[in-house]
Amino acid sequence: MLSFERLYKDGHEEVIFFSDPSCNLKVIVAIHNTVLGPALGGTRMWNYKSEEEALDDVLRLSKGMTYKAAVSGLNLGGGKAVIIGDPEKDKSEALFRSYGKFLESLNGRYITAEDVNTRVEDIEHIFTETNNVAGVAEVHGGSGNPSPWTARGVYRGIEASCLKVFGDKSPKGKVVALQGAGSVGRFLGEYLYNEGAKVYVCDISEKNLELFKEKVPNAEIVGVDEIYDVKADIYSPCALGATINDNTIDRLQCKIVAGAANNQLAEARHGQILMDRGILYAPDYLINAGGLMNVSIEFEGWSADKAVRMVDSIFDTTLKIFAISDEQNIPVYKATDILAESRIEAIRNISGKYLGNLSHRFPGRKTR
Ligand code: NAD
């Protein structure tokens with residue numbers, strides 16, 4: 001269970017359990033690191049088998065958000081929340097509003113957003129009680145659907161990878177094995193098609209494959225297991241995590257792995273194996289950060305121009321990470337962590353300065 005030893009191990013600052021029996025609310029908020037700014041990360045609702053499983057998930061996910069924000073150049077820390085419950089049966093206005101009231105009490109140290117099984121309607125209920133929520137509806141000045149922005153960022157990561165491997169950033173004429181024709185996959189497919197890449201796609205959902213074909217008419221549909229064997233230049237995982245594992249890695253014939261899915265490597269050693277085989281792995285938590293970047297703009301007033309500028313920076317940052325990987329002869333996933341950690345340390349080091357007159361902080365106190 002929760003212990004200080006466990007929090008110290010991964011550097012979590014704070015873990016909070018909120019409960020409200022009146023609406024069956026059970027939520028755990030984990031704030032991992034706030035050196036760069038308020039912790040931002042979505043709220044996941046899941047029918048966890050145990051509280052231990054929920055705790056494991058929120059600790060792992062909140063740490064991931066710290067790294068994602070840091071490497072993306074955002075002034076945000078990392079946090080995440082999990083609601084324990086069945087999203088089909090346990091959602092209610094009262095549950096999300098009660099949760100919103102608790103979030104308000106955190107005074108902006110944690111800002112929530114959508115995640116797996118939470119939708120804009122749920123976010124709206126939270127927003128009734130607190131401003132510490134991002135991804136609210138566009139009518140309230142929100143930033144709207146994050147998926148097109150995530151896809152744009154993944155596409156920039158693919159361009160950076162193509163430049164490194166093929167000497168030209170355009171994927172024109174390249175073959176892409178795209179796993180997952182969901183919200184991000186569809187937009188990514190459209191970018192690739194417009195640039196003249198050939199897309200092979202798989203999905204477990206016939207409906208999503210049909211929608212995909214509307215955007216990418218010449219896409220070839222392959223089976224969900226066949227996708228690993230496609231003779232492709234680029235494998236783009238946009239469905240599930242951990243698809244680069246002992247069962248799939250020998251089957252990949254590509255030169256680049258670049259997609260939207262979180263935690264694509266089943267284990268860190270798979271990153272080393274990719275490197276040893278000459279397959280370039282684009283850093284997953286950087287190139288899929290477009291949605292987070294987009295939502296982060298909400299607090300300063302969202303505009304498409306700002307979002308484009310920020311999301312397109314993924315191209316340069318990806319190249320920077322490839323350069324660190326080459327210089328230090330380390331896998332890309334390690335180079336990405338190094339860049340994220342070095343930014344947090346650099347910003348931590350500029351704090352600790354006395355910033356001038358204290359009198360405004362003690363109004364009414366006599367000066368000596
Ligand atoms: P989504 O649920 O809209 O799409 C996922 C698709 O994968 C669905 O069409 C689903 O049917 C399909 N799928 C599930 N299992 C599959 C399998 N075994 N083989 C092939 N297809 C399968 O999700 P999304 O929003 O498009 O996100 C895709 C991935 O990117 C997820 O891993 C998500 O965590 C990650 N991600 C998304 C965003 C975002 O802005 N949406 C941001 C960062 C990361």
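1. Ala94 is a residue of helix H3, which spans residues 93–104; helices (H or I, at least four residues) and strands (E, at least two) are DSSP runs, numbered from the N terminus. Ala94 is partly exposed because its relative accessibility is 45%; buried means under 20% relative accessible area, exposed over 50%, and partly exposed in between, with a 1.4 Å probe and protein chains only. Ala94 and Ser22 are separated by 72 residues in sequence, and their C-alpha atoms are 8.5 Å apart in space.

2. On provenance: this is a predicted model, in which local features need pLDDT of at least 70 and side-chain atom pairs count only at pLDDT 80 or more, while totals for chains, interfaces and linings use all residues. Residues are numbered from 1 along each chain as its sequence is written, and side-chain values use heavy atoms, with hydrogens and water left out.

3. Strand S1 (residues 14–20) pairs with S2 in the antiparallel sense over 7 bridges; two strands pair if DSSP finds at least two bridges between them. In this pairing, Val15 stands opposite Ala30 in S2. S1 and S2 form a hairpin with 4 residues between them, and Asn24 in the turn has a positive phi of about 60°.

4. S2 also joins strand S5 (residues 77–84) through 6 bridges, and the two run antiparallel. The bridge partner of Ile28 in S5 is Val82. Of the 9 residues of S2 (residues 25–33), 8 are buried, so the strand is largely enclosed by the rest of the structure.

5. S7 is mostly covered, 5 of its 5 residues being buried. Val175, Ala177 and Gln179 lie on one side and Val176 and Leu178 on the other, and both faces are covered.

6. Two packed helices are described by the angle between their axes and the distance between the axes. Helix H6 (residues 183–195) packs against H7 at an angle of about 25°, with the axes 9 Å apart. H6 is therefore roughly parallel to H7; angles under 35 degrees count as roughly parallel, over 145 as roughly antiparallel, 65 to 115 as roughly perpendicular and the rest as oblique. H6 passes H7 in a right-handed crossing; a crossing is left-handed if the near helix is turned anticlockwise from the far one by less than a right angle, and right-handed if clockwise. The contact involves Gly185, Arg186, Phe187, Gly189, Glu190 and Tyr193 of H6, with Asn208, Leu211, Phe212 and Lys215 of H7. These residues divide into 4 nonpolar, 3 polar and 3 charged; Ala, Val, Leu, Ile, Met, Phe, Trp, Tyr, Cys and Pro count as nonpolar, Asp, Glu, Lys and Arg as charged, and the others, Gly among them, as polar.

7. Helix H11 (residues 304–328) and helix H12 (residues 332–349) pack at about 110°, with their axes 8 Å apart, which means that H11 is roughly perpendicular to H12. The crossing of H11 past H12 is right-handed. H11 contributes residues including Thr317, Ile321 and Gln328 to the contact, and H12 residues including Val332 and Leu339. By class, this contact has 7 nonpolar, 4 polar and 1 charged residues.

8. Arg152, in helix H5 (residues 147–166), is buried because its relative accessibility is 17%. Not counting residues up to four places away in sequence, Arg152 touches Tyr191, Val308, Val311 and Asp312.

9. Asn107, in the loop between H3 and strand S6 (110–111), has a positive phi near 60° and is exposed at 71% relative accessibility. Asn263 lies between strand S11 (256–257) and helix H8 (268–276); its phi is positive, about 50°, and the residue is partly exposed at 44% relative accessible area.

Note on methods:
Axes fitted to C-alpha atoms, helices over the stretch in contact; angles between N-to-C directions. Contact = heavy atoms within 4.5 Å.
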